[in-house]
Amino acid sequence: ENDGGNSVVVDGYKAASLLLDQYPADFALLTRHAVPFQFNSAGTALEARARLITLDDRGAVTEVCFNNRSISTFDLPAEVMPDFYRAYRRFAEILQRPELEVTFKAGPGDLFIVDNQRVLHGRKTVGGSGRRHLQGCYADKDSLLSTLRVLERELI
């Protein structure tokens with residue numbers, strides 16, 4: 001059996017709210033500038049540009065994109081870079097605050113559904129000699145929300 005390997009989740013919207021409250025200039029930088037993300041493997045070549053924090057037209061957070069594995073080299077103007085790195089580090093520090101973490105151990109057959117645009121998720125160190133298998137499944141949010149609206153309509 002594996003030692004450790006607990007799953008960890010953090011509410012990215014809460015972390016973004018704390019950044020806004022404590023460091024509004026940093027929040028503004030992360031909502032203004034998009035950076036490159038990429039992930040490559042034998043069967044995958046993913047590339048995107050995204051803001052770390054995305055806002056809607058009313059200023060509400062709609063997405064948090066923070067992934068150490070796939071973020072690429074920042075390609076921002078030189079005059080922006082020092083402040084952007086500061087903002088990036090501050091946001092990372094907030095995301096790692098223990099009081100924002102929810103930790104749990106998934107067992108065989110457990111299902112974990114997460115909003116990838118809001119919830120950041122990872123794992124603690126896995127030790128021992130056991131094996132771990134995680135099967136990913138992805139669904140787009142628009143289709144899910146459409147289904148929920150149709151079901152609500154039918155219940156009314």
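## Surroundings of S7

S7 touches V102, T103, F104, G122 and R123, not counting residues up to four places away in sequence; contact here means heavy atoms within 4.5 Å. This is a predicted model, in which local features need pLDDT of at least 70 and side-chain atom pairs count only at pLDDT 80 or more, while totals for chains, interfaces and linings use all residues. Residues are numbered from 1 along each chain as its sequence is written, and side-chain values use heavy atoms, with hydrogens and water left out.

S7 is found in strand 2. Helices (H or I, at least four residues) and strands (E, at least two) are DSSP runs, numbered from the N terminus. S7 counts as buried because its relative accessibility is 9%; the term buried stands for under 20% relative accessible area, exposed for over 50%, and partly exposed for values in between, with a 1.4 Å probe and protein chains only.

## Strand 2 and its sheet

Strand 2 comprises residues 7-11, and four of its five residues are buried. An open sheet of three strands has the order 7-2-8, with antiparallel pairing. Strand 7 and strand 8 stand at the edges, each with a single partner strand, so one side of each is left without a neighbour in the sheet. From one strand to the next, the twist averages 20°.

Two strands are taken to pair if DSSP finds at least two bridges between them. Strand 2 pairs with strand 7 (residues 101-104) in the antiparallel sense over four bridges, and with strand 8 (residues 119-123), also in the antiparallel sense, over five bridges. V10 has bridge partners on both sides: E101 in strand 7 and L120 in strand 8.

## V9 within strand 2

V9 lies in strand 2 and stands opposite V102 in strand 7. With a relative accessible area of 13%, V9 is buried. Leaving aside neighbours within four places in sequence, the contacts of V9 are L100, E101, V102, F104, F112, V119, L120 and H121. V9 and V80 are 71 residues apart along the chain, and their C-alpha atoms are separated by 30 Å.

## Helix 1 against helix 3

The axes of helix 1 (residues 12-22) and helix 3 (residues 81-95) come within 9 Å and cross at roughly 130°. Axes are lines fitted to C-alpha atoms, for helices over the stretch in contact, and angles run from 0 to 180 degrees between N-to-C directions. The two helices are therefore oblique to each other; angles under 35 degrees count as roughly parallel, over 145 as roughly antiparallel, 65 to 115 as roughly perpendicular and the rest as oblique.

On the helix 1 side, G12, A15, A16, L18, L19 and Q22 meet R90, F91, I94 and L95 of helix 3. The residues of this contact divide into seven nonpolar, two polar and one charged. In this classification Ala, Val, Leu, Ile, Met, Phe, Trp, Tyr, Cys and Pro are nonpolar, Asp, Glu, Lys and Arg are charged, and the others, Gly among them, are polar.

## F27 in helix 2

F27 is placed in helix 2 (residues 24-32) and is buried, with a relative accessible area of 8%. Not counting residues up to four places away in sequence, F27 touches A16, L19, L20, I53, L55 and V61. F27 and G5 are 22 residues apart in sequence and 32 Å apart in space, C-alpha to C-alpha.
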